[in-house]
Amino acid sequence: MNTLRRNDIMDLVIKNGTIITATDTYKADIAVEDGKIIMIGKNITQTEGAKLVDASGKYVLPGAIDAHTHLEMPFGGTTSADSYEAGTRAAACGGVTTVFDFVIQRKGQGLIEAVEGRRTICDPQACVDYSFHTAITDLTPEILEEMKESVEYGVPSFKLFMVYKKEGLMVDDGVLAKALEKSKDIGALIAVHAENPDLIDMRIEKFLSEGKTSAWYHYLSRPEFVEAEANKRAIHWAKAFDAPLYIVHLANKEGLEEVTKARNEGYEIYAETCPQYLHFTNEVYKREDGRNFVCSPPIKGKESQEALWKGILNGSIQTVATDHCPFQSYEKDWGKDDFTKIPNGCMGIENLYPYMLSEANKGRISFNKVVEVCSTNVAKIFGCAPQKGTIAAGSDADIVIYDPNKKFVVSKENMHSDVDHTIWEGIELKGYPVMTFSRGKLVYKDGQFLGTPGHGQFIKCKGRK
């Protein structure tokens with residue numbers, strides 16, 4: 001608890017709610033001034049002019065942080081369907097108050113040049129705060145040296161694709177090894193999209209030659225063992241160089257076992273999974289609309305799904321993020337007769353927190369664990385804690401008020417992005433966010449977006465030293 005200084009003027013007081021952080025659950029009031037939490041205590045009396053929110057019967061949580069999005073991303077012959085405005089608007093309406101987007105470095109482009117190019121697009125559109133990871137595709141000696149400058153600039157995390165040869169995104173093991181070795185010296189964090197490209201190509205060629213072209217063969221072209229092999233390879237290199245590693249969108253049991261083993265050996269290996277892997281199984285690819293679920297890595301079988309939930313519970317998985325990269329249904333239809341032509345990616349930025357909190361409300365996991373994997377751990381791993389990821393004096397007033405008794409059925413009609421469908425259609429949730437505050441500003445209430453493009457600010461993240 002904190003005491004209010006005599007000269008403090010409040011903008012906002014949230015009273016009578018139950019505060020839930022990654023470690024604690026307690027009843028208290030919150031006072032906010034100039035976008036920051038200035039006091040948490042019992043029976044706070046608002047100063048003149050302060051807005052009062054009565055959160056009786058509701059939970060008060062830190063805003064979620066989506067560590068993995070692809071907004072306005074050119075890919076697969078098109079561009080992902082949500083602009084920075086649409087994506088961050090949807091984020092706000094789902095209780096996500098900070099978004100990490102991926103900047104894709106193009107050949108010959110500098111790292112900071114790439115980030116600043118995306119900032120120019122994002123700044124006037126962002127409805128909530130944002131930061132970036134940079135995907136390195138052209139690791140020249142000059143770029144290797146510029147990685148340190150990027151850390152100092154505030155973007156200390158870099159992604160390397162172990163797939164997507166034809167798209168010009170993939171790097172080989174030598175590049176991955178160089179990046180890992182450099183990252184340890186400069187306090188950076190390397191993230192990987194881990195799948196084996198040669199096995200994928202081999203299996204795709206086989207299926208197409210046999211006339212097997214439905215969405216089901218997207219899954220069969222890159223099943224569990226194709227992802228697991230690359231997980232193991234990336235972890236092997238990280239252990240060899242004793243460098244931290246973050247595996248994005250982990251979806252398979254065998255790969256998770258390797259993460260758990262490495263962590264138990266004392267290595268700094270982090271795993272992220274996604275809501276679509278936790279709720280759906282590969283059976284969705286047999287549906288008539290199976291192409292809408294095509295993402296990479298694909299959604300796996302029941303055994304992997306159960307392992308992922310166990311990994312969240314036992315701490316082997318540290319974060320849950322979305323890999324939000326949606327495409328319009330007519331674009332997904334490009335692959336109705338050839339799964340290789342389906343743009344890869346699903347929506348989820350507005351569904352992340354509501355889905356995970358609903359699972360907590362149903363008793364599957366604790367609310368504290370949801371805050372841990374959707375907010376607090378993300379902020380700690382990527383260097384924006386304690387500004388983000390918790391409810392504490394001095395932290396940004398990124399606050400979600402959640403009604404555990406509200407019933408909600410997801411529909412395209414009640415979502416707030418620009419995508420013309422949702423894979424979450426018809427999913428019933430127990431409880432739902434009813435208010436979202438971004439740095440003390442009310443940006444969402446009772447189904448309505450109340451924010452403004454340009455409100456979101458770029459968050460500089462700290463390196464690991």
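Start with Tyr84, which touches Leu71, Glu72, Asp101, Arg118, Ile121, Cys122, Gln125 and Phe132, leaving out residues up to four places away in sequence. Touching, or contact, here means heavy atoms within 4.5 Å. This is a predicted model, where local features need pLDDT of at least 70 and side-chain atom pairs count only at pLDDT 80 or more, while totals for chains, interfaces and linings use all residues. Residues are numbered from 1 along each chain as its sequence is written, and side-chain values use heavy atoms, with hydrogens and water left out.

Tyr84 is found in helix H1, residues 84-93. Helices (H or I, at least four residues) and strands (E, at least two) are DSSP runs, numbered from the N terminus. With 1% relative accessibility, Tyr84 counts as buried; the scale is buried under 20% relative accessible area, exposed over 50%, and partly exposed in between, using a 1.4 Å probe and protein chains only. If you want a distance to check on screen, the C-alpha atoms of Tyr84 and Met170 are separated by 25 Å, and the two are 86 residues apart along the chain.

Now look for Glu146 in helix H3, residues 141-153. A salt bridge is a side-chain nitrogen of Lys or Arg within 4 Å of a carboxyl oxygen of Asp or Glu. Setting aside neighbours within four places in sequence, Glu146 is in contact with Gly110, Leu111, Ile112 and Glu113.

Elsewhere, charges do pair up. Side chains of opposite charge can pair when their charged atoms come close. The structure holds 30 salt bridges. One of them joins Asp198 and Lys165, at 3.1 Å from N to O. Asp198 sits in helix H5 (residues 197-209) and Lys165 in the loop between strand E11 (157-161) and helix H4 (173-186), so this pair ties together parts that are 33 residues apart in sequence. Asp198 is exposed, with a relative accessible area of 52%, and Lys165 is partly exposed at 42% relative accessibility.

A second pair is found within helix H13, where both Lys369 and Glu372 lie, three residues apart, about one turn of the helix. Their closest N and O atoms are 3.4 Å apart. Lys369 is buried, with a relative accessible area of 12%, whereas Glu372 counts as partly exposed at 23%. There is also a network of salt bridges that links Lys36, Asp129, Lys388, Asp396, Asp398 and Arg439.

Lys239 takes us to a pair of helices. Lys239 forms a salt bridge with Glu265, with 2.9 Å between the closest N and O atoms. Lys239 lies in helix H7 and Glu265 in the loop between H8 and strand E14 (269-273), so the pair ties together parts that are 26 residues apart in sequence. Both ends are partly exposed: Lys239 at 22% relative accessibility, and Glu265 at 40%.

How do those helices sit against each other? Two packed helices are described by the angle between their axes and the distance between the axes. The axes of H7 (residues 224-241) and H8 (residues 253-264) come within 8 Å and cross at roughly 20°. Axes are lines fitted to C-alpha atoms, for helices over the stretch in contact, and angles run from 0 to 180 degrees between N-to-C directions. H7 and H8 are therefore roughly parallel to each other; angles under 35 degrees count that way, over 145 as roughly antiparallel, 65 to 115 as roughly perpendicular and the rest as oblique. In H7, Ala228, Asn231, Lys232, Ile235 and Lys239 meet Glu254, Gly255, Glu258, Val259, Lys261 and Ala262 in H8.

Finally, a few backbone details. A cis peptide bond joins Ser296 and Pro297, with omega about -5°, and Pro297 is in the loop between helix H9 (275-279) and helix H10 (302-314). The bond from Ala385 to Pro386 is cis too, with omega near 0°. Asp323 is not a glycine, although its phi is positive at about 55°; Asp323 is buried, with a relative accessible area of 8%.
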